[in-house]
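Here is a short report on pockets, cavities, salt bridges and surface features. The structure comes first, and the findings follow.

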Amino acid sequence: MTAVPTQATILVVDDSPDGLELMRNVLGTDYKVRVAISGDMALTLVHQNRPDLILLDIMMPGRDGYDTCRELKADPALAAIPVIFITALGEVEDEALGFEVGAVDYITKPISPPLVRARVATHLALHRQKVELEQAWRKAEEGGRAKAEFLAMMSHEIRTPLTGILGMVKLLMETRVDGQQAEYLQTVNYSGEALLAIVNDILDFSKIDAGKLRIERIPFDLHQSLEGVVSLMGSRGHEKGLTMGLAVGPDVPVRVLGDPLRLRQVLLNLVGNAVKFTASGGVTVGVSQVARDGDLSRLRFTVSDTGDGIDTGARDHLFAEFAQGDDSVSRRFGGTGLGLAICRRLVTLMEGIIAVDSVVGEGSTFWFEIPLTRLNTPAPPPALDAPPAPERPLSVLVAEDNPVNQKVVMALLSRRGHNVRVVADGAAAVSAAENGEFDVVLLDMHMPVLDGLAATRQIRALPGRRGRVPVIAFTACAFEEDHQRCLAAGMNDFVSKPISPAALLATLSRVTAA
C-alpha cells in the first residue's frame, strides 16, 4: 500500500450527468476528479488506475452501489480504498447496509458543497494516517525480525567457539594436572561460563522484549528447587568464606504448580549477585507464605546478604535495563546490567512483584512475591538429573563442521568407550546413516551442503531401522522455536551448545534406552 499523493484522486460514480458535473465543480479545484456512470465502469477504472477515495451513488441501473462496494471490498488490493455513499434522503434507512458492505460514510442528496469537501478531506486524512501507521507497523515488524535473526546468528556464532573452549577445558580437567594448572583451568572455565551467562542474559532479554518468552505451569518440588539453588551457589560462597543459609517457612508448600526454570533463574541471579557483592558474612535464601486463598499461595522469596548495602539513589533505577548501581560496579565486577531487569520482567510474567530493602553498611534483601498453586498429590519417584552413560558401547555418528568441536565430542564420547565416526556436513551424515549401522546420530544444526534439519528429514526417509535411528541435535540456537523445529523435523532430542558433558551423556542414555 502506498501513501496518498499530495493531490488525491477522487472517483465519482453516478448515473446522473448533472450529479457528476456538480461533483466536478465542488471538488475539481482541490482534487483530480474522475467519473464513472455505472458500477461496472467504476470497477474497470479502479483496476486501471486506483483512486484515493470513491464517492459512490447507491441507486444506479445494473450493478448498484451496494454490489459495487462489495466487489471492491472483496479484492485485497482494493479493499482499503475509502468509499463514501451518495444517497437520496429516502434511502437513509439503508445506512446500516452501507456500513455493512464497507462504506466509511454517507452524503445525502441534495448535497451541501461545504459538507462534501469536509467529508472528503476528513476521510482522505484518516486514510493517510492509516497508511502511515500500517507502514510504521510493517517497518517495526521487519526490524523485529531482523533483530531476532541477528541475535540468533550471534548466539550461534558465539556459542560455537564456546563449545570448543569449555569442552577442551573440561577434558583437560579430567587429565593429570598439578595444582597450579588446575587453578588456571578453573579460571578459564569460570571466564567461559561468565561469557556464556552474558550471551544468555542478552537473549533472554530479547525474548522477553519480543513477547516470545512463555511462563509454564508444571508440577515441581519447591523445597528441592530451593535446596538446589543454595547447593549450586554454596561453592562460590564458600570460596569467599561466606556462609550460605536456607530458611523455609512451616506453611510453605512442598509441591506446587508453576515454572521451576524461571523461578530458579530469578533466584540464581539474586543469589549470584549477593555472593558477588558480599565480601564477608553470609547470604541467606528464605521463603514464606504471605497469603493463601484455597490452593493458591502467595509466597515471598528473599535473598539477604551482609554486603555494603545500596544507597537510595542507586535503588531507584536498580531494576532498569543496563543499570548496575554506578559505573564503578561495572568496572569492578563486569556484567551486562541486565540481570535484575530480567528478574523484574520474569517476576512480572509470573504475576508477581520484586523490590529491594537495603541499609548502607549493613546489607541488602532482595525479595519478590509470586502466586503458586499448592499440590497435594505425592511427588513421582526422584529421577537422576544426569543419568550415567549407557553401559554398553554405542556406535555414534557425529556430524559437525567445526574441527575443534569435532575433537571435543570425539574425545568426550571415546573416553566413555563409545565408537565414534565424525563427518563434516549433513549430506555426509545421510550417506553414512544409509550405509552404516549406528545406535545414535548427533547432528549440528548449521552445517554446509545440508543442515541438521534437512539431514534429519532425509534420514527419517530411509527404510527400516536406519530411518528410525535416534537423532540428537547439537544446537547453538537458544530460542524455543528453534528447539521445536528440531522436534518437528524428526529429531528425538537436542543438546545446547556449549555442550555440557553431563547433559550430553544424559540425553544419550535417554534416547537409546528403549
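## Second largest pocket

In this predicted model, the lining of the second largest pocket has seven nonpolar, two polar and four charged residues. The pocket has a volume of about 200 Å³. Its lining counts 13 residues. Nearest the centre lie Ile215, Arg217, Met350, Glu351 and Pro371.

Two elements give two or more residues to this lining: strand 8 (255-258) and strand 12 (363-374). Strand 12 has the largest share, with three residues.

## Cavities

How many cavities of 30 Å³ or more does a search of the whole structure find? The search finds two. The largest cavity holds about 50 Å³ of space. Lining it are Gly167, Lys170, Leu171, Glu174, Val408, Leu412, Ile499 and Pro501. Helix 5 (113-173) and helix 12 (403-414) are the elements that give two or more residues to this lining. Helix 5 supplies the largest share, three residues. By class, the lining has five nonpolar, one polar and two charged residues.

The second largest cavity has a volume of about 40 Å³. Ala433, Gly436, Phe438, Arg465, Arg466 and Val469 line it. Three of these residues are nonpolar, one is polar and two are charged.

## Salt bridges around arginine 63

The count of salt bridges comes to 16. One of them pairs aspartate 40 with arginine 63, with the closest N and O atoms 2.8 Å apart. Aspartate 40 lies in helix 2 (residues 39-48), and arginine 63 lies in the loop between strand 3 (53-57) and helix 3, so the pair ties together parts that are 23 residues apart in sequence.

Arginine 63 also forms a salt bridge with glutamate 71. Here the closest N and O atoms are 3.7 Å apart. Glutamate 71 is partly exposed, at 43%.

Glutamate 174 and arginine 416 meet in a salt bridge of 3.4 Å, N to O. This pair links distant parts of the chain, 242 residues apart. Glutamate 174 sits in the loop between helix 5 and helix 6. Arginine 416 sits in the loop between helix 12 and strand 14 (419-423). Glutamate 174 counts as partly exposed at 43% relative accessibility, and arginine 416 is partly exposed at 30%.

Elsewhere, salt bridges that share partners join Glu437, Asp439, Arg465 and Arg466 into one network. The lining of the second largest cavity includes Arg465 and Arg466. Glu174 is among the residues that line the largest cavity.

## Surface patch

Leu195, Ile198 and Ile202 form a nonpolar patch on the surface. Together they have about 210 Å² of accessible area. Isoleucine 202 is found in helix 6 (residues 179-209). Why does isoleucine 202 count as partly exposed?

## Proline 82

Proline 82 lies in the loop between helix 3 (65-74) and strand 4 (83-88). Proline 82 is buried, because its relative accessible area of 5% is under the 20% cut-off. Proline 82 and leucine 126 are 44 residues apart in sequence. In space they are 9.4 Å apart, C-alpha to C-alpha.

Key. Residues numbered from 1 in each chain as written. Predicted model: local features only at pLDDT ≥ 70, side-chain atom pairs only at ≥ 80, totals over all residues. Heavy atoms only, no water. Patch = residues over 30% accessible without salt bridge, like charges linked within 9 Å, V, L, I, M, F, W, Y side chains within 5 Å. Areas by Shrake-Rupley, 256 points an atom, 1.4 Å probe, with all protein chains shown as cover. Salt bridge = Lys/Arg side-chain N within 4 Å of Asp/Glu carboxyl O. Helix = DSSP H or I, 4+ residues; strand = E, 2+ residues; numbered from the N terminus. 1 Å grid on protein atoms, 1.4 Å probe; cavity = no way out; pocket = protein on both sides within 12 Å on 5 of 7 lines; lining within 4 Å. Points joined across faces, edges and corners; volume = space filled by probe spheres on them. Nonpolar A, V, L, I, M, F, W, Y, C, P; charged D, E, K, R; others polar. Buried < 20%, exposed > 50% of the residue type's maximum accessible area, 1.4 Å probe, protein only.
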